[in-house]
Amino acid sequence: MSLLLVAIFFFGMTYLDPPEEYGIAVNFGTSNVGSGDIQPTELLKSTSEEKSPIEEQEEVEEIVEPESTENITEETEDVATQNNEEAIAIKKKQDAKKKANELAKKVQLEKDRIEKEKQAAIAKQKAEEEAKRKKLDALIGGINNSEGTATGGEGNDLKPGDKGNINGDPNASGYYGNGGGGGNGDYNLGNRKPISRPKPNYICNEEGLVVVSIEVDVNGSVIKATAGVKGSTNTAQCLLTQAKQAALKTKWSADAKAPSKQIGTIKYRFSLSQ
C-alpha cells in the first residue's frame, strides 16, 4: 500500500491549476454598436443617437406601460353612445313604418266601408224599383200578359185586344192621346183671327209642344208651314207631320191691307192624358 501511494504521488494524474475554462469569449464594450479596430481602454462618450442598455430598458418599460383606465372608459362610453344612437334611429324608423302601415290599413278599411255602403244602397234601390214594378204589374194585371175574364175588345187594328193607354180615358175616341191647339194664345198672326182651327191627329205615344211657323196670304189661306221651329219641346216626326197638316188646313180672316205673305205661328200641345 505504501508503494502504491508513492507511485500515485509521483506518477499519478496531472491537471492545471486553475482549471482551463471552456466557452466563447465576448469582447469588452460599453454599447450595443461600435466601429473600428482599436480597443478603447477607457469608456467612450455617448452620442445623441446612442443609448445605454439602461436607457433602452427604461424606454421599453415606458412603451409597454398600459393605457390609463380613463381612456378605456371614454372609448367604451363613445361606443356605447354610438350604439344607442343607432338603436334609437332604428326604433324611430320602425315606429314610423308601423304608423304608416296602420294609417294605410285604416284608409283601406274606410274605403271598403264606403264601397259596401254604396253597394248596399244600389241593391236597396234595385229592390225598391223591382217592388214598384211588381206592384204596378199586379195593379194593372200585366199589360203584356193579361189574363182577365172580360171578353170583346176595342181598336182599329183588326186584332184582338183593348187598344189604348193604361192612363187614358175609356170614353175617349183617340188611342194615342189628345192633339193640342186650343187657347187664344196658341194662334198668332198680328191682328188677324183664325176662322177654322182643326186639331192635328195623334198617331204615336209622344207628347210635348210643337211650334209651327206659317205664311198666310191676304185671303187667309196658309200657303206655307214649317213645324218644329224654336220653342218646340218635342220634335218627334209623328208630331211634326200632324202639326204641319193641321196648320195648312187652318183658315184665317181675310185682310186686303195685309202683306202677301204675312208670317205667324201656331202652337200645338200634345198630351197623352185627357
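Colleague: Which residues of strand 6 are on the covered face, and which on the uncovered one?

Modeller: Start with the general idea. In a regular strand, side chains alternate between the two faces of the sheet. Now the case here, in a predicted model. Strand 6 spans residues 262-270. Its covered face holds Gln262, Gly264, Ile266, Tyr268 and Phe270. Its uncovered face holds Ile263, Thr265, Lys267 and Arg269.

Colleague: How many bridges join strand 3 to strand 6?

Modeller: Nine, and the two strands run antiparallel.

Colleague: What stands opposite Ile266 in strand 6?

Modeller: Tyr187 does. Tyr187 belongs to strand 1.

Colleague: Why does Tyr187 count as buried?

Modeller: Buried means under 20% relative accessible area. Tyr187 has 9% relative accessibility, so Tyr187 counts as buried. Tyr187 and Val212 are 25 residues apart in sequence, with 9.8 Å between their C-alpha atoms.

Colleague: Where does Glu215 lie, and which side chain of opposite charge is nearest to it?

Modeller: Glu215 lies in strand 3, residues 208-216. The nearest side chain of opposite charge is Lys224, 4.4 Å away. A salt bridge needs a side-chain nitrogen of Lys or Arg within 4 Å of a carboxyl oxygen of Asp or Glu. Glu215 is buried, yet has no salt bridge.

Colleague: What is Glu215 in contact with, leaving aside neighbours within four places in sequence?

Modeller: Its contacts include Ser221, Val222, Ile223 and Lys224. Lys261, Gln262 and Ile263 are also among them. Of these, Gln262 is on the covered face of strand 6, and Ile263 on the uncovered one.

Terms used
Residues are numbered from 1 along each chain as its sequence is written. This is a predicted model: local features need pLDDT of at least 70, side-chain atom pairs count only at pLDDT 80 or more; totals for chains, interfaces and linings use all residues. Side-chain values use heavy atoms; hydrogens and water are left out. Helices (H or I, at least four residues) and strands (E, at least two) are DSSP runs, numbered from the N terminus. Buried means under 20% relative accessible area, exposed over 50%, partly exposed in between (1.4 Å probe, protein chains only). Lys and Arg count as positive and Asp and Glu as negative; His and the chain ends are not counted. Contact means heavy atoms within 4.5 Å. Two strands pair if DSSP finds at least two bridges between them.
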